[in-house]
Amino acid sequence: MKIALAGNPNSGKTTLFNALTGSQEKVGNWAGVTIEKKFGTLKSKYNPTKEAIEIVDLPGAYSMSPFTSEESITRAFVVDEHPDVIINIVDATNLSRSLFFTTQLLDLGIPVVVALNKTDLLTRDQTVLDIKGLTNRMKCTFVKTIATKTQENGLDALIKEAMAKGGQKQATPFQVPDEALKAAQYDAKIAETQDRARYDFVKEVVRSVEKRQVENRRETMQDKVDRIVAHRWLGIPIFGAVMWLVFSVSQTHLGPFLADTFVGWIDAFYGVVEGAMGDSVSPLLSSLLLDGVIGGVGAVVGFLPLIMVLFFMLALLEDCGYMARVAVVMDRFLKRVGLSGKSIIPMVIGTGCAIPGIMATRTIKNERQRRTTAMLTPFMPCGAKLPVIALFSGAFFSDAAWVGTTMYFMGIALIIFGAMIVVRITGEKNKRTYFIMELPEYRFPSIKRATLSMLDRGKAFIIKAGTIILLCNALVQVMQTFNWQFQVVEEGMESTSILASIASPFAVLLIPLGFGAWQLAAAAITGFIAKENVVGTLAVVYGITNFIDTDALELVSGSSSVAEIMGLTSAAALAYLVFNLFTPPCFAAIGAMNAEMENKKWLFGGIAFQLGTGYVTAFIVYQVGTLLTTGSVGTGFIPGIIVVGVMIVAVIAMMRRGDRMAVPKPEAHLA
Amino acid sequence: MVGLFANAFGLKTRSERPTSLESAAIGETYTINSIETTDSEMKHFLFTLGCFEGERVTLVSVLSDLYVISVKDARYSIDRELASAIGID
Amino acid sequence: MANIIVFGILVLLFGSAIVYIVKAKRSGVKCIGCPHSGKSQCSCDDQVVNFKL
């Protein structure tokens with residue numbers, strides 16, 4: 001049996017899907033995207049039969065008209081895949097809008113059962129609904145649900161009803177004459193008239209079944225909160241404060257506290273293995289196992305607690321509904337650079353992982369905006385970059401929370417800057433866009449959901465560490481141990497190893513950025529396979545086995561030792577961090593970019609732009625930082641400034657050319 | 001249209017009543033009398049939300065460039081351009 | 001003797017890692033170690049619509 005879930009965005013559809021199927025897809029209380037159909041199997045506790053019941057979660061839609069492409073996914077599915085019954089999730093607090101879609105679903109001839117969700121809010125608002133009346137007038141059963149509750153949420157009754165109705169005929173309460181229906185497909189005016197009639201019908205139904213005490217149109221406490229939170233100027237520092245809080249808990253307080261114990265175990269394990277092997281194992285094999293595997297992977301895995309705490313906090317943040325307001329706050333700025341509020345979503349998703357973020361750009365209609373967003377999303381530091389940030393803020397800046405926060409704001413700044421450059425290069429700087437976004441109610445975030453999400457992420461991280469990072473580290477270890485004649489490299493002769501000889505040419509390019517050492521170049525290169533590898537590779541090439549001190553509750557074993565070993569000044573360290581964060585993302589993310597760009601010119605342009613950005617920003621950070629701290633510029637200033645200069649000139653030339661192509665600004669209020 | 005034009009220059013017209021949501025008063029409910037845009041897709045999308053001629057819209061609050069409106073008991077945040085495209089009585 | 005054990009352990013580790021990756025790539029997983037790989041991280045559904053003039 002196949003059950004389809006359809007409903008308006010923000011109606012609680014995904015919460016319901018998770019509750020019914022047990023899959024832990026993340027649920028956010030803000031505007032995001034379900035691009036593909038999501039399948040799941042009904043949990044056995046709701047399924048009394050032996051056969052599997054499939055549940056399909058469709059994209060949220062406001063209506064099923066043939067005019068817009070996103071909504072046609074819903075229509076196509078329902079028409080092509082023949083579900084046995086449709087469960088329509090309806091937000092009980094805005095029937096006036098929600099039932100419009102319901103009447104369209106009812107027209108399809110497939111039995112519909114309505115899950116009247118968020119009924120707890122009805123009680124809160126003292127609104128009374130005549131459920132029987134609704135069932136009668138709409139000719140389908142309405143079942144009260146509260147999808148956010150774990151017990152007594154109405155889901156049992158819902159599924160029972162759905163199973164009972166499966167395969168039956170569905171009467172429709174609002175009939176559109178066939179000729180009108182046909183004509184409506186070609187003539188917008190006729191379609192509109194029909195839709196108006198539909199809305200009138202809905203209005204009538206709602207009027208007869210709903211009794212409101214609280215006028216929804218008045219300003220509520222939540223609106224008052226929004227005034228401050230989404231304020232034009234205040235919104236930004238508030239957002240900054242929130243992010244700072246998230247970072248400091250995960251990287252300065254709770255995170256390192258947990259990591260400390262964890263790393264203690266890794267260390268102990270290292271010791272045990274080392275002892276067990278003693279002298280009886282060849283140094284090659286032993287170093288491969290100890291430093292390459294345990295050391296390298298351990299260095300990365302040591303950050304697991306930090307990452308999990310961070311994701312937990314991000315999940316709470318997303319769940320409470322604040323994120324929608326962030327999108328609203330950022331839209332002002334994004335609009336000025338030719339992007340829209342819609343672009344902020346991929347970027348926020350990107351703070352978890354850039355790949356789903358890039359895929360989320362699929363819904364942006366405007367091609368240029370979509371491609372620009374896909375290209376700029378990786379500038380938001382993703383989860384994989386966290387160990388890198390944590391390592392450097394710990395080793396060079398005593399765990400200061402400002403490092404992490406600055407990286408995020410820098411990401412935002414680079415995105416805005418980058419968007420501005422792109423829109424001028426393409427000559428579209430005067431294109432006007434509209435912005436509209438539904439503001440869901442604030443709600444208390446679910447600890448359970450956040451925990452599950454955090455565990456999910458943790459598991460994925462461990463898998464990644466145990467596979468890709470493990471192999472990379474082993475490879476790096478081998479490459480650093482041998483030279484091209486496959487002899488073991490002597491102490492002090494590391495620069496003759498395979499790894500060194502491959503990385504050195506690149507290292508030369510990095511001299512003006514303050515980190516022209518082959519070890520650092522190698523680490524940055526391995527970062528393209530997975531950004532966590534930067535940490536892993538550094539651990540292997542420098543022979544550092546732990547970055548976390550087990551005695552003091554600090555992230556790094558005496559910042560001096562790591563800093564000394566790497567031989568970087570703080571300006572150079574910051575520059576290196578910036579470089580790794582703002583260059584092209586891992587290959588998997590580049591692959592996702594390729595899928596969205598659909599155009600080689602944009603793809604390579606995007607990658608080139610990312611490389612250029614990483615180089616230029618690292619250069620600026622290093623040179624200016626060195627100037628400020630020592631009073632003179634750093635190494636390789638002249639060749640560096642030439643390279644940077646050439647890049648900047650090239651970009652400006654492209655912008656100028658784009659400006660010449662641009663259409664003049666449209667007049668306001670032209671109708 | 002004259003009212004809109006005059007509004008753009010900051011002049012007061014004979015009637016003080018706002019002609020579009022952009023200049024509407026906070027907390028007031030209006031009846032929509034037109035959607036002024038050539039973008040038919042947008043017009044249709046607004047329609048599916050219940051935002052079309054004859055329906056009621058309330059301006060809940062204004063956060064400088066962004067207008068929070070309520071249509072059919074749901075809240076949306078829209079930008080100034082869109083607000084000026086929603087003509088009201 | 002100890003050498004062989006360590007060698008064996010290493011082969012086991014690397015082997016299973018490679019096997020896992022190959023199996024995952026075959027079944028279309030786009031990014032190893034990304035939860036809900038292939039899908040949107042935040043499955044909150046919505047269409048934030050944006051139109052151009």
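Biologist: What makes strand 1 and strand 4 of chain A a pair in this predicted model?

Modeller: Two strands count as a pair when at least two bridges are found between them. Strand 1 (residues 2-7) and strand 4 of chain A are linked by five bridges and run in the parallel sense, so they pass that test. For one place to look, find A:Ala4, which stands opposite A:Ile86 in strand 4 of chain A.

Biologist: Which strand does strand 4 of chain A pair with over six bridges?

Modeller: That is strand 5 (residues 112-117) of chain A, again in the parallel sense. Here A:Ile87 has A:Val113 as its bridge partner in strand 5 of chain A.

Biologist: Why is strand 4 of chain A called largely enclosed?

Modeller: A residue is buried if 20 or more other C-beta atoms lie within 10 Å of its own. Seven of the seven residues of strand 4 (residues 85-91) of chain A are buried, so the rest of the structure largely encloses the strand.

Biologist: How do you know that both faces of strand 4 of chain A are covered?

Modeller: In a regular strand the side chains alternate between the two faces of the sheet. On one side of strand 4 of chain A sit A:Val85, A:Ile87, A:Ile89 and A:Asp91, and on the other A:Ile86, A:Asn88 and A:Val90; all are buried.

Biologist: What do strand 4, helix 3 and strand 5 of chain A make together?

Modeller: They make a right-handed β-α-β unit. The name right-handed is used because, with the strands pointing away from you, the path from the first strand over the helix to the second runs clockwise.

Biologist: How do you know that the length of helix 3 of chain A agrees with what a helix should span?

Modeller: The twelve residues of helix 3 (residues 95-106) of chain A should span 16 Å at 1.5 Å a residue, and the end C-alpha atoms are 15 Å apart, which agrees.

Biologist: And is helix 3 of chain A enclosed or open, and what makes you say so?

Modeller: Twelve of the twelve residues of helix 3 of chain A are buried, so the helix is largely enclosed by the rest of the structure. Among them are A:Arg97, A:Phe100, A:Phe101 and A:Gln104. Over chain A as a whole, buried residues make up 52% of the 671 residues.

Biologist: What pairs inside chain B?

Modeller: Strand 2 and strand 3 of chain B do, in the antiparallel sense over six bridges; B:Leu59 stands opposite B:Ile69.

Biologist: How many residues does each chain bring to the contact?

Modeller: Chain B brings 35 residues and chain A brings 34. Helix 2 of chain B gives the most to the chain B side, with eight residues. By class, that side has 13 nonpolar, 14 polar and eight charged residues.

Methods. Residues are numbered from 1 along each chain as its sequence is written. Chains are lettered from A and ligands numbered from 1 in the order in which they are written. This is a predicted model: local features need pLDDT of at least 70, side-chain atom pairs count only at pLDDT 80 or more; totals for chains, interfaces and linings use all residues. Helices (H or I, at least four residues) and strands (E, at least two) are DSSP runs, numbered from the N terminus. The expected span of a helix is 1.5 Å times one less than its number of residues. Two residues are in contact if their C-beta atoms, placed from the backbone, lie within 7 Å. Ala, Val, Leu, Ile, Met, Phe, Trp, Tyr, Cys and Pro count as nonpolar, Asp, Glu, Lys and Arg as charged, and the others, Gly among them, as polar.
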